[in-house]
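The following exercises concern one protein structure. Please work through each task before reading the solution that follows.

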Amino acid sequence: MTSAAPHDLVVTQATLDDWPVIAGWAAAEGWNPGLSDGPAFFAQDPDGFFLGRIDGEPVSAVSVVNYGPAYAFLGCYLVRPDLRGHGHGLTTWKTALAHAGNRTVGLDGVVAQQDNYRQSGFELAHRTIRFTGTAPAGETPAGVRPAAADDLAAITAYDSACCPADRPRFLAAWLAAPGHRAFVRHDGARLTGYGVLRPGHDTLRIGPFFADTADDARALFTALTAEAAGREVCVDVPEPNTAAVALAEEAGFRASFETARMYTGPVREHARHRVFGVTTLELG
């Protein structure tokens, strides 16, 4: 898929080899991308990443990652600062969005772009607040343990109940990515939550962070932060989950950034109350 535009902009699908350029731009914006994000992102949809180039040099990016036949997620919407205001971003956006076909598309939009997203048919679902703080020291609570390879099926099923789409390919790569530490909460009969800690460009990040109850979430949060004791950690919390907001505030974390979850249409029902921290702002 390619698209030409004024000023000789050419939009093509990006490859995993292009990911360092996209991640570098995201880091420069203060988005704190994860150090091992790229392979897991491309595992979900290797055709869902796009770059705009002028004379072969990357100047714009966007991703539209498909999850099955009904849902896609847009992220990584970036234009090189010295070339903004020339329409390169919009051209890249339109080319990439065609990849979603007739799927409902979601995104996590920064404040400055939310009006533009509304004009493109996206409607607000909720605010998401990034909370950042120093991880307290502690011990892993009873009922929480590091995830093992044989937990993958249970984690995948639990994740599917918490998301607008199934994502087994992404999860298999995400849980095994270098530097990622996953924990599960188990009541002896079934999984009641899981969370992942991963290294970012600026701070460690938690996501996904899914749990049945506030108590399950607190136990997982204690394990995740104990793994990172004394280091700065951030988690992106859906504002409607008041128990999740309270948990972050009780830990002394501060609101440092916000986005808006927006959709172009309906998404399947899922357990929003279990989402104490979104997985990523790039892939939902």
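Two strands pair if DSSP finds at least two bridges between them. Helices (H or I, at least four residues) and strands (E, at least two) are DSSP runs, numbered from the N terminus. The model is predicted, so local features need pLDDT of at least 70 and side-chain atom pairs count only at pLDDT 80 or more, while totals for chains, interfaces and linings use all residues. Residues are numbered from 1 along each chain as its sequence is written, and side-chain values use heavy atoms, with hydrogens and water left out.

**Exercise 1. Strand S10 and its partners**

Determine in which sense S9 and S10 pair, and over how many bridges.

Solution.
- Step 1. Strand S9 covers residues 181-186, and its pairing with S10 is antiparallel, with six bridges. Within this pair, Arg185 is found opposite Gly193 of S10.
- Step 2. Four residues separate S9 and S10, which form a hairpin; in its turn, Gly188 has a positive phi of about 100 degrees.
- Step 3. S10 also pairs with strand S11 (residues 204-211), in the antiparallel sense and over six bridges. Here Leu197 has Ile206 in S11 as its bridge partner. A hairpin is formed by S10 and S11 too, with four residues between them.
- Step 4. Buried means under 20% relative accessible area, exposed over 50%, and partly exposed in between (1.4 Å probe, protein chains only). Strand S10 (residues 191-199) is largely enclosed by the rest of the structure, because nine of its nine residues are buried.

**Exercise 2. Backbone angles**

State which peptide bond is cis, and describe where Asp55 and Cys76 lie.

Solution.
- Step 1. The cis peptide bond runs from Gly207 to Pro208, with omega near 0 degrees. Pro208 belongs to strand S11.
- Step 2. Asp55 has a phi near 55 degrees, which is positive although the residue is not glycine. Asp55 sits in the loop between strand S3 (49-54) and strand S4 (57-67). Asp55 counts as exposed because its relative accessibility is 72%.
- Step 3. Cys76, also not a glycine, has a positive phi near 55 degrees. Cys76 lies in strand S5. With a relative accessible area of 7%, Cys76 is buried.

**Exercise 3. The surroundings of Arg274**

Identify the residue whose side chain makes a polar contact with that of Arg274.

Solution.
- Step 1. Arg274 is placed in the loop between strand S13 (254-263) and strand S14 (275-277).
- Step 2. A polar contact is a pair of N or O atoms within 3.5 Å; within protein, one must be able to donate a hydrogen and the other to accept it, and residues adjacent in sequence count only if both atoms are side-chain atoms. The side chain of Arg274 has such a contact, of 3.4 Å, with the side chain of Asp212.
- Step 3. Contact in general means heavy atoms within 4.5 Å. Apart from neighbours within four places in sequence, the contacts of Arg274 include Tyr158, Cys162 and Phe209.

**Exercise 4. Cavities and pockets**

Describe the cavities of 30 Å³ or more and the largest pocket.

Solution.
- Step 1. On a 1 Å grid over the protein atoms alone, a cavity is a set of points where a 1.4 Å probe fits but cannot get out, and a pocket is an open set with protein on both sides within 12 Å along at least five of seven lines; lining residues have an atom within 4 Å of a point. Grid points are joined across faces, edges and corners, and a volume is the space filled by probe spheres set on the points.
- Step 2. There are two cavities of 30 Å³ or more. The largest cavity has a volume of about 40 Å³, and among its lining residues are Phe209, Val235 and Leu247. H8 gives the largest share of this lining, three residues.
- Step 3. The second largest cavity, of about 30 Å³, is lined by Trp19, Ala23, Ala26, Pro33, Cys76 and Glu282. Helix H1 (residues 19-28) contributes the most, with three residues.
- Step 4. The largest pocket holds about 650 Å³ of space. Of its 33 lining residues, Tyr77, Leu78, Val110, Gln113 and Tyr117 are the closest to its centre. S5 supplies the largest share of the lining, six residues.
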